[in-house]
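The tour below goes from one selection to the next.

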Amino acid sequence: MDKNTLASLRTLGRPPQGVKNVMEAFLLLIYQPEVMRDWGNCMQKLKTPADVLIKVEQFDPQNCIEATAQKADGLIAGETEESIAKKSFEAAIIYKWTRSMVDKVKSGGGLKA
């Protein structure tokens, strides 16, 4: 994941629902407890890819609110890396990171809200 990945996703005007869900779950994790309300809100966050990448680097699954990880998990539950890759290669990169972090929070027991 790099600035180009995020910049490419930001160019999607009307992405498929699966891509929207992946981005919402991803941004929900790194900007918790802030809620991503819609695609426009997600795109606002991607205006500064360097800030997003800093959030990714600083993300600590042990400091993630468990309910936030569960919500993110629910958003991507019906998808796989392969199903997302068919819609957007860049979104599949985001999916892979998001799935991994959700699984780490679940296995390590995130923070209770």
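**Before selecting anything**

This is a predicted model, in which local features need pLDDT of at least 70, side-chain atom pairs count only at pLDDT 80 or more, and totals for chains, interfaces and linings use all residues. Residues are numbered from 1 along each chain as its sequence is written, and side-chain values use heavy atoms, with hydrogens and water left out.

**Stop 1: the nonpolar core**

Select Phe-26, Leu-29, Ile-30, Val-52, Phe-59 and Trp-97: these have the most contacts inside the largest nonpolar core, which has 35 residues. A nonpolar core here is a set of buried Ala, Val, Leu, Ile, Met, Phe, Trp, Tyr and Cys residues joined through side-chain atoms within 4.5 Å. Buried means under 20% relative accessible area, exposed means over 50%, and partly exposed is in between (1.4 Å probe, protein chains only).

Now colour the elements that give two or more residues to this core: helices H1 (3–10), H2 (17–30), H3 (39–45), H4 (49–58), H5 (66–76) and H7 (89–108). Which helix gives the most to this core? H2 does, with 9 residues. Helices (H or I, at least four residues) and strands (E, at least two) are DSSP runs, numbered from the N terminus. In soluble globular proteins, nonpolar side chains tend to be buried together.

**Stop 2: Phe-26 and Val-52**

Centre on Phe-26, in helix H2. Phe-26 has a relative accessible area of 0% and is therefore buried. Leaving aside neighbours within four places in sequence, show what Phe-26 is in contact with: Met-1, Leu-6, Val-52, Val-56, Ile-94, Trp-97 and Thr-98. Contact means heavy atoms within 4.5 Å.

Move on to Val-52. With neighbours within four places in sequence again left out, Val-52 is in contact with Leu-6, Phe-26, Ile-30, Tyr-31, Lys-45 and Leu-46.

**Stop 3: the aromatic rings**

A search of the whole structure finds 2 aromatic pairs. Rings of Phe, Tyr and Trp (its six-membered ring) pair if their centres lie within 6.5 Å; planes under 30 degrees apart count as stacked, over 60 as edge-to-face and the rest as tilted.

Show Phe-26 with Trp-97: the ring centres are 5.4 Å apart and the planes are at 85 degrees, so the pair is edge-to-face. This pair links distant parts of the chain, with Phe-26 in helix H2 and Trp-97 in helix H7, 71 residues apart.

Phe-26, Phe-59 and Trp-97 make up one aromatic cluster.

**Stop 4: Lys-45 and Tyr-31**

Select Lys-45, which lies over the face of Tyr-31, at 4.4 Å from the ring centre. A charge sits over a ring if NZ of Lys or CZ of Arg is within 6 Å of the ring centre and within 35 degrees of the ring normal.

**Stop 5: the cysteines**

How many disulfides does a search of the whole structure find? It finds 0 disulfides, a disulfide being a pair of cysteine sulfur atoms within 2.5 Å. Select Cys-42: the nearest cysteine sulfur, that of Cys-64, is 16 Å away. Cys-42 counts as buried at 2% relative accessibility, and Cys-64 is buried with a relative accessible area of 0%. From Cys-42 to Phe-26 is 9.5 Å, C-alpha to C-alpha, and 16 residues in sequence.

**Stop 6: the salt bridges**

A search of the whole structure finds 4 salt bridges, each a side-chain nitrogen of Lys or Arg within 4 Å of a carboxyl oxygen of Asp or Glu.

- Asp-73 and Lys-106: the closest N and O atoms are 2.8 Å apart. Asp-73 lies in helix H5 and Lys-106 in helix H7, so the pair ties together parts that are 33 residues apart in sequence. Asp-73 is buried, at 15%, whereas Lys-106 is partly exposed, at 49%.
- Glu-79 and Lys-87: the closest N and O atoms are 3.4 Å apart.
- Arg-99 and Asp-103: the N to O distance is 3.1 Å. These residues are 4 apart in helix H7, and are therefore separated by about one helical turn.

Finish by selecting Asp-73, Arg-99, Asp-103 and Lys-106 together, which salt bridges that share partners join into one network.
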